[in-house]
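Open the model in your viewer and keep the selection panel at hand. Each stop says what to pick and what to look for.

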Amino acid sequence: TLKPWFLASSLLAVLPLPALAEQIQPVKLESDTLEVRLDPNFPRILDYRLKSDGSLLETRAGAGAAIELNGQAESCQVSTKIGTSDAIYHLTFPTAKLEIDFKFSVGQDQVDIQMTKVQENGDVKLKTLAFPNTPLLSLDTTQPDAAMAAVHAEHYNVWRETIAPLSAAKPGADTSNYCFLSTGKLAMGVVNFQIDDCNRVRWQISEKAGVKTLQAQNPAWQYREIDGEILPLPRVTVVVTGDKNGDGQANWQDAALVCRRILPKPCGSEFVPKMPADQIAMDFASLAQQPFLRILDEIKTAYLLTDGLGHSVVVKGFSAEGHDSANTDYGGHYNERAGGLKDLNFLLAHAKAYNARVGVHINCTEVYPEAQRYTPEILERDKNGNPKGGWAWLDQSHLIDKRKDLLTGHLFASLEQMRRELPQLDLVYVDVYGDHGWNAWKLATKLNELK
């Protein structure tokens with residue numbers, strides 16, 4: 001264990017990196033394929049080197065090594081324990097009475113960084129921890145074939161994608177779901193597992209004397225979103241690899257191959273290759289165009305015509321009077337004109353014999369006045385306190401305040417009721433849900449738990 005190292009937060013914010021670097025005696029972690037040098041006094045990576053050909057990438061950290069606790073600069077003591085392939089940084093915040101451990105581990109084509117322990121010894125509760133000016137990756141146009149690939153995808157109205165040589169990219173900053181850098185010999189990426197999937201990587205391009213520099217880093221380590229609940233311990237993986245697909249160069253596709261190996265498989269992904277056909281059965285405006293037993297007959301027909309080809313069917317309008325009628329009543333309010341709960345369960349039970357998976361369409365964004373779940377406390381309101389209008393098709397819907405809907409517990413209670421009443425339901429399609437971050441993560445987590 002090395003001796004604790006301390007700098008006041010004001011000094012952390014202004015101490016130039018070159019001056020700091022002169023004092024550094026780097027420590028080295030390595031695996032069979034990768035060698036990484038770290039700062040023993042501060043949780044940051046200095047450079048990466050591929051053992052296969054010696055390709056090197058420096059992180060080129062910025063003007064100072066600062067720490068922000070819950071969005072504010074905070075003084076911190078750092079002690080380290082260094083092994084062969086991993087290192088543990090113990091951070092102590094004397095004023096806030098907080099202790100946090102980070103573990104750096106080097107593996108095959110990757111460096112894993114994880115918050116492993118949080119000890120709150122006082123009244124301050126950890127929400128976020130950030131390391132400004134501490135990039136995980138850096139690249140500039142003096143490096144041959146310097147290129148980037150980044151995507152920021154929230155929903156169909158917000159989509160930004162950049163796949164270009166770094167020389168062609170415009171200076172600026174953004175956050176991304178994924179960000180990859182490459183030099184032709186090295187392919188790199190930041191894979192973040194935090195709950196806000198649209199803000200998992202922060203990157204910035206600057207230009208000085210005709211040289212463009214891109215730096216990518218973890219935006220913040222999030223531990224708590226609301227009082228009374230802690231999130232899974234945050235972690236991030238830095239991908240560093242050479243040519244993986246055998247085309248003679250290392251670019252974003254090679255880093256993406258490693259990324260695919262690392263990312264957890266989405267819930268239900270194993271069924272996607274087996275279900276090449278997707279269909280919608282829709283009941284609307286009290287007309288019961290697709291009674292539940294007719295849907296089953298059509299599933300049988302599709303099975304016979306395709307020699308048993310797998311397919312999925314989403315029932316829109318399984319509740320109330322059909323689609324967009326009380327569509328937030330997931331349980332206890334079934335479409336009687338289409339056959340009611342009895343026929344719906346008959347459909348679900350027998351569809352499996354014809355290689356079909358059957359799900360339902362739900363809406364957690366808007367609520368209609370006739371819905372049983374229509375309560376003033378979950379409505380989103382304007383500055384004057386009036387409910388905000390949503391889709392106006394049959395009746396005028398009102399937008400749901402998604403955070404309030406989650407915190408009241410009514411949303412999950414309705415989903416749990418639906419699962420009890422439809423035990424053989426295969427999937428749930430959540431429509432028009434434009435949120436990201438905690439709201440979306442909480443909903444998706446609950447649905448996965450009910451699988």
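**Stop 1: salt bridges**

Select Lys-402: it is buried, with a relative accessible area of 11%. Buried means under 20% relative accessible area, exposed over 50%, and partly exposed in between (1.4 Å probe, protein chains only). This is a predicted model: local features need pLDDT of at least 70, side-chain atom pairs count only at pLDDT 80 or more, and totals for chains, interfaces and linings use all residues. Residues are numbered from 1 along each chain as its sequence is written, and side-chain values use heavy atoms, with hydrogens and water left out.

Asp-435 is partly exposed, at 29% relative accessibility. A salt bridge here is a side-chain nitrogen of Lys or Arg within 4 Å of a carboxyl oxygen of Asp or Glu. Helices (H or I, at least four residues) and strands (E, at least two) are DSSP runs, numbered from the N terminus.

How many salt bridges does a search of the whole structure find? The search gives 21. Next, pick Asp-101 and Lys-117, whose side chains meet at 3.9 Å, N to O. Asp-101 lies in strand β10 and Lys-117 in strand β11 (residues 110–120), 16 residues apart. Asp-101 counts as buried at 11% relative accessibility, while Lys-117 is partly exposed at 36%. Then show Lys-28, Glu-35 and Arg-49: salt bridges link them in a network.

**Stop 2: rings**

Rings of Phe, Tyr and Trp (its six-membered ring) pair if their centres lie within 6.5 Å; planes under 30 degrees apart count as stacked, over 60 as edge-to-face and the rest as tilted. The count comes to 8 aromatic pairs. Select Tyr-303 and Tyr-354. Their ring centres are 5.5 Å apart and their planes at 85°, so the pair is edge-to-face. Tyr-303 sits in helix α4 (residues 292–305) and Tyr-354 in the loop between α5 (340–351) and β25 (356–363), so the pair ties together parts that are 51 residues apart in sequence. Tyr-303 is partly exposed, at 28% relative accessible area.

Now display Phe-42, Phe-102, Phe-131 and Trp-221. Ring pairs link these four residues into a cluster.

Move on to charges over rings (NZ of Lys or CZ of Arg within 6 Å of the ring centre and within 35 degrees of the ring normal). Arg-235 lies over the face of Phe-193, 3.8 Å from the ring centre. The charged end of Arg-357 sits over the ring of Phe-271, 3.7 Å from its centre.

**Stop 3: cysteines**

A disulfide is a pair of cysteine sulfur atoms within 2.5 Å. The count comes to 0 disulfides. Select Cys-179: the nearest cysteine sulfur, that of Cys-259, is 11 Å away. Cys-179 is buried, at 0% relative accessibility.

**Stop 4: backbone**

Most residues other than glycine have a negative phi. Where is Asp-307 found? Look in the loop between α4 and β24 (311–316). Asp-307 has a positive phi of about 55° although it is not a glycine. Asp-307 is also exposed, with a relative accessible area of 76%.
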